[in-house]
Amino acid sequence: MTSRQRTADSNSLSPRRRTVVKAAAATAVLAAPLAAAIPARAAEAPAFLHGVASGDPLPDGILLWTRVTPTAEAVPGSGLGPDTEVAWTVAKDKAFTDVVAKGSVTATAASDHTVKADVRGLAPATDYWFRFSAGGTDSPAARTRTAPAADATVTNLRFGVVSCANWEAGWFSSYRHLAARGDLDAWLHLGDYIYEYGTGEYGTRDTVVRQHAPTHEILTLADYRIRHGKYKTDPDLKALHAVAPVVAIWDDHEFANDAWSGGAENHTEGAEGAWTARQAAAKQAYFEWMPVRPALAGTTYRRLRFGKLADLSLLDLRSFRSQQVAVGNGSVDDPDRTITGRAQLDWLKAGLKSSDTTWRLVGNSVMISPFAIGSLSADLLKPLAELLGLPKEGLALNTDQWDGYTDDRRELLAHLRSNAIRNTVFLTGDIHMAWANDVPVDAGTYPLSASAATEFVVTSVTSDNLDDLLKVPEGTVTALAAPVIQLANRHVHWVDTDRHGYGVLDITADRAQMDYYVLSDKTKANATSSWARSYRTRTGTQKVERTYNPV
């Protein structure tokens, strides 16, 4: 256990109306939607209306984040408001009587009045409290935690794991329940922290639970800033950011659906501006609004270490990938096509080989396990294909996942096998379903072939999954589809196609266990949470097994 007390405890597209939103029109409505949503106390600026957050814990440091509203009109994306000095304070206690570090940074319109402080000189594996101050106003106090020392013997680590939070599809109760635990070393967000669509353009069971801002599809820097700002007003998201550091990577919807290095399915070149400009705007807003420490300019791939127990390699599977190809196209095997890019794949392989930790975790935005679904019945195939953005007339894979880039996958899995690299666990989001998988070297002959790694996939926070698309009671589709999916994919130990929630990953030297939790109703702000299932991989096995109690 850590030193503190533990407490008990792809892409769903409705038939899409591609309204072309001109950049000029988008800019003209700039900040109005968000301004209407900001509390009246904004007039008492400066104010901290978007909460505070921390991220990317190191043994001696943590990255702190906030956004200050210096004047009432200085809403996200407006480009308005004066330069404002923002002080930060880190203490060992919530009352801030034992201050260990402090400093200041200037918030400007150029960074949308967001600020970051990369604080160093802290003690490893230690809880701290922090807050910001500006113009006599203090932000809420928040808790964070540093990583263990690199050479420390760590008994236990615990991470919350989430992905795919569509604002309009429901409430972020998963974040609230994770925040209430009080036992997380950090939480991992595996992508689709925001969504880019206009109101009603993305799956919500045909009901917009709450309208996002701006209401049109986001294209410009101002648009992306407004959308990030709207998300940061959610009370459950703010609560989770206020109790533990986040480790985040992006997937496609931080940009546009099915993004790749040169474009996206949900981008019309010319009519919606240049992809290079839209991608640059999305990345700039992301790094402004997220407590993420980029290891390389313009990317989220990086590595964190948690003592001798685990390291965490975080991937960027959008910035360097080749364009997706149609299902059934043999070019999925083309060695010139890539999902990682050469430099990132070499970096990942080298890091996995040189790692001296017990566990090698990989933050992975799209599923690496093979997924064949050609044998599904027609009534299930159509909605599943819609969710994955695939042709409905028979298919064998999802080319937006690693299935569409098989040469990269073969190279990586062969590297794990040839170097006898054990205990590699992929942590994945994107597909809006929960999975527990072995990662076979040859899926066609599994289980006769070896398993090179394991994979835990978490479902969506709110984004539509199969029961939402079919508009049937929760659990209906899983009962029918799961046995068929598992029959065609022998490496899949479990799949839940229907429910929303989150995961809790608990790691010891002996095993890595994912506890899957589900929500009672994503459309209810007070949704309850309950444990659904647990799976673990024991050290040295490279295989998943069911366990019948959460940690």
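Student: Between which two strands is the loop that holds P447?
Tutor: This is a predicted model, in which local features need pLDDT of at least 70 and side-chain atom pairs 80 or more, while totals for chains, interfaces and linings use all residues. Residues are numbered from 1 along each chain as its sequence is written, and side-chain values use heavy atoms, without hydrogens or water. Helices (H or I, at least four residues) and strands (E, at least two) are DSSP runs numbered from the N terminus. On that numbering, the loop with P447 runs between β18 (434–440) and β19 (451–457).

Student: Which residue is joined to P214 by a cis peptide bond?
Tutor: P214 sits in the loop between β10 (186–189) and α4 (221–231). The cis bond there has omega of about -10°. The partner of P214 in this bond is A213.

Student: Is H113 buried or exposed?
Tutor: H113 is placed in the loop between β4 (99–107) and β5 (114–119). Its phi is positive, about 60°, although H113 is not a glycine. Buried means under 20% relative accessible area, exposed over 50% and partly exposed in between, with a 1.4 Å probe and protein chains only. H113 has 1% relative accessibility, so it counts as buried.

Student: Why does R205 count as partly exposed?
Tutor: R205 is in the loop between β10 and α4. R205 is not a glycine, yet it has a positive phi of about 55°. R205 counts as partly exposed because its relative accessibility is 29%.

Student: How do α7 and α9 run relative to each other?
Tutor: Helix α7 (residues 342–354) packs with helix α9 (residues 406–418) at an angle of about 15°, and their axes are 10 Å apart. Axes are lines fitted to C-alpha atoms over the stretch in contact, and angles between N-to-C directions run from 0 to 180 degrees. Under 35 degrees counts as roughly parallel, over 145 as roughly antiparallel, 65 to 115 as roughly perpendicular and the rest as oblique. The pair α7 and α9 is therefore roughly parallel.

Student: Which element supplies the largest share of the lining of the largest pocket?
Tutor: On a 1 Å grid over the protein atoms alone, a cavity is a set of points where a 1.4 Å probe fits but cannot get out, a pocket is an open set with protein on both sides within 12 Å along at least five of seven lines, and lining residues have an atom within 4 Å of a point. The largest pocket has 21 lining residues, and P370, R409, D442, A443 and G444 lie nearest its centre. Five residues of the lining, the largest share, come from α9.

Student: What is the volume of the largest pocket?
Tutor: Grid points are joined across faces, edges and corners, and a volume is the space filled by probe spheres set on them. For the largest pocket, that gives about 390 Å³.

Student: Which strand gives the largest share of the lining of the largest cavity?
Tutor: The largest cavity holds about 60 Å³ of space. Its lining includes W494, D496, Y516, Y517 and V518. At least two lining residues come from each of β20 (492–496) and β22 (511–519). The largest share, three residues, comes from β22.

Student: What is the volume of the second largest cavity?
Tutor: Among the residues lining the second largest cavity are N166, E168, Y195, H212 and R227. The volume of this cavity is about 30 Å³.
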